[in-house]
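Let's learn to read aromatic pairs and helix packing together. Have a look at the model first.

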Amino acid sequence: VHLGLVLSEASAFAEAEATLERAYFRAVAAGAPLVAADAATALISITGAKLGRQPDGLRWARHAEATLAALGEPETGIYRLDALAARSHLQMNTSEFAAAQSGLERALAGQLELLGPGHSTLASTYFNLGEVQYMLGHWPGCRALYEQALASAEFSVGAAPPTYATF
């Protein structure tokens, strides 16, 4: 799974997809459902958002959700929240703004409760919520969320490195 994530960060999305799909099916075969869910969750964003194949992203969301439900992962568990945030990001990209906002708000509330305010995951969720607000034309809310994204990134990694300049 980690190799697929690194490939995605390097914008090698087709290679990331192939690597993560192999990881998913190998994990299922090996009886490692959390690894399978992790791979499926990553594939939501890679196939649905990065490669622009929204139906494939939704298919991977169903795989992640079914795997986690079979494990008994609660709706408020971190793996379910990660899958929810990824699905919501995909909904944002398909202009389903109300659903995206609702999902991201639920994911953020759970992440704050489980991880605390200093976790790096929050920066991405705040940023995506800011994107939804931007697309809806809610400028004050957008700015506040972008500022919170930057603050979360700075809190988790120190003073804002150049990679966070876009926040």
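Predicted model: local features only at pLDDT ≥ 70, side-chain atom pairs only at ≥ 80, totals over all residues.

Q: How many aromatic pairs does the structure hold?
A: Rings of Phe, Tyr and Trp (its six-membered ring) pair if their centres lie within 6.5 Å; planes under 30 degrees apart are stacked, over 60 edge-to-face, and the rest tilted. The structure holds five such pairs. One of them joins Tyr-24 and Trp-60 edge-to-face, 5.0 Å centre to centre with 80° between the planes.

Q: Where in the chain do Tyr-24 and Trp-60 sit?
A: Helices here are DSSP runs (H or I, at least four residues), numbered from the N terminus. Tyr-24 belongs to helix α2 (residues 13-30) and Trp-60 to helix α4 (residues 54-71), 36 residues apart.

Q: Is Trp-60 buried or exposed?
A: Buried means under 20% relative accessible area, exposed over 50%, and partly exposed in between (1.4 Å probe, protein chains only). Trp-60 is buried at 0%, and Tyr-24 is buried too, at 6%.

Q: Which residue pairs with Trp-60 at 6.2 Å centre to centre?
A: That's Phe-25, again edge-to-face, with 65° between the planes. Phe-25 is partly exposed at 44% relative accessibility. Tyr-24, Phe-25 and Trp-60 form one aromatic cluster.

Notes. Residues numbered from 1 in each chain as written. Heavy atoms only, no water. Helix = DSSP H or I, 4+ residues; strand = E, 2+ residues; numbered from the N terminus.
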